[in-house]
Amino acid sequence: MKIAVIDDERPARRELIHQILEVLPGSQIGEADSGASALELISSGDFDLLFIDINLNDMEGTTLAAAARRMMPRAQIVFATAYSQYAVKAFELGVNNYILKPFDPERVHRVLEKCRKDLESSSPAQPAGRLAISSDRKIVLLDISRIVYVETCGRSCLIHTTEGDYTENQLLGEYEKRLSPQGFFRIHKSYLVNLNYISEMFPWANNSLAVKMQGFEKNILPVSREKVKNLRQLLGL
C-alpha cells in the first residue's frame, strides 16, 4: 500500500509511520511537513491512503483534503488531529476516517484495516495469495509468495519467481498497487522487490545502495536515493 503521512510535526510523523509499519510492513510511505510539500508529493504519483493533520503551518488540513479528493478520487483520506470536534467535519467533507493525537495503536490498527478492506472492495478481486497475469496468450495464476521481484522490460514487465520468469504487458506501477500490501517495495523506478527475498544490501553509486535477491545473486538491483530511508525502515535497520 502506498501511504502519505502529512504533518508539520516531525515527532508525530515518526510515531504514526512507526505504527503504520507495525500493521502494514510492506507499505511505501511518503512524508510531507506542509500543505505545499503535500501537494507536490501527491501530484508526483497515486497514493492509496493519506493521513492529513488538520493544523498545518501553511494550509488547513480540510483544504488539503478537498484538493486531494479532486486529485485522487480513489484514495482513502484520514484526518489526524488532537481535537475530537473535527470528526464531524471529516465526514462532512467525505473523509474516510480520523485518528486522534496522541495516536492509539489499536485505533490506528482498526483504521488501517478498514481502509485496506475498502480499497480491496473497490478493486477487481484476486484469488487469495495468487496473482493472475496474462502471459503467452494464457492466464497464469502465480503464487505471490514465490515472486522474488518484478522489473520493467521495455513496455512490459518481467516477473521473476522461484519457479521461472514470466512477461506481461503491464506497467510496474500496477504491480506496485497490487503487491505492496503483500510485502513488496518499489526500490527504483524499474524494480519492485519482495522484501522477504532480499539477501544482501550494500553501498552503491552516488551514496546510494543496491540489493541482491535470493536465487538471483548475479543481478545487482540499485536502490534510488529517495527510497533508501523507507527501505531501511522496512528492514528494521
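**Helices, sheets and cysteines**

Biologist: At what angle do helix H2 (residues 35-43) and helix H3 (residues 61-71) pack?

Modeller: Two packed helices are described by the angle between their axes and the distance between the axes. Axes are lines fitted to C-alpha atoms, for helices over the stretch in contact, and angles run from 0 to 180 degrees between N-to-C directions; helices (H or I, at least four residues) and strands (E, at least two) are DSSP runs, numbered from the N terminus. The axes of H2 and H3 are 11 Å apart, and the angle comes out at about 10 degrees.

Biologist: Before we go on, what pLDDT do local features need in this model?

Modeller: Residues are numbered from 1 along each chain as its sequence is written, and side-chain values use heavy atoms, with hydrogens and water left out. The model is predicted, so totals for chains, interfaces and linings use all residues, side-chain atom pairs count only at pLDDT 80 or more, and local features need pLDDT of at least 70.

Biologist: Back to the helices: how are H2 and H3 oriented to each other?

Modeller: Angles under 35 degrees count as roughly parallel, over 145 as roughly antiparallel, 65 to 115 as roughly perpendicular and the rest as oblique. H2 and H3 pack at about 10 degrees. They are therefore roughly parallel.

Biologist: And how many charged residues does the contact of H2 with H3 have?

Modeller: Contact means heavy atoms within 4.5 Å. H2 brings Gly35, Ala38, Leu39, Ile42 and Ser43, while H3 brings Leu64, Ala67, Ala68 and Met71. Ala, Val, Leu, Ile, Met, Phe, Trp, Tyr, Cys and Pro count as nonpolar, Asp, Glu, Lys and Arg as charged, and the others, Gly among them, as polar. That gives seven nonpolar residues, two polar ones and, for charged, none.

Biologist: Is Ile29 buried or exposed?

Modeller: Ile29 is in strand S2. Leaving aside neighbours within four places in sequence, Ile29 is in contact with Ile3, Val5, Ile17, Ile20, Leu21 and Asn230. Buried means under 20% relative accessible area, exposed over 50% and partly exposed in between (1.4 Å probe, protein chains only). At 5% relative accessibility, Ile29 is therefore buried.

Biologist: What is the strand order in the sheet with antiparallel pairing?

Modeller: That sheet is open too, with five strands and antiparallel pairing, in the order S10-S9-S8-S12-S11. Its edges, where a strand pairs on one side only, are strand S10 (164-168) and strand S11 (184-188).

Biologist: How many bridges join strand S8 (residues 147-153) to strand S9 (residues 156-161)?

Modeller: S8 and S9 form a hairpin with two residues between them, and Gly154 in the turn has a positive phi of about 65 degrees. Val150 has Ile159 as its bridge partner, and Tyr149 stands opposite His160. The strands run antiparallel, and the bridge count is six.

Biologist: How many residues of S9 are buried?

Modeller: Ser156, Leu158 and His160 point one way from S9, with Cys157, Ile159 and Thr161 pointing the other way. Every residue in both sets is buried. For S9, that is six of six.

Biologist: Last one: how far from Cys153 is the nearest cysteine sulfur?

Modeller: A disulfide is a pair of cysteine sulfur atoms within 2.5 Å, and a search of the whole structure finds zero of them. Cys153 is in no disulfide; the nearest cysteine sulfur is that of Cys157, at 8.5 Å.

Key
Two strands pair if DSSP finds at least two bridges between them.
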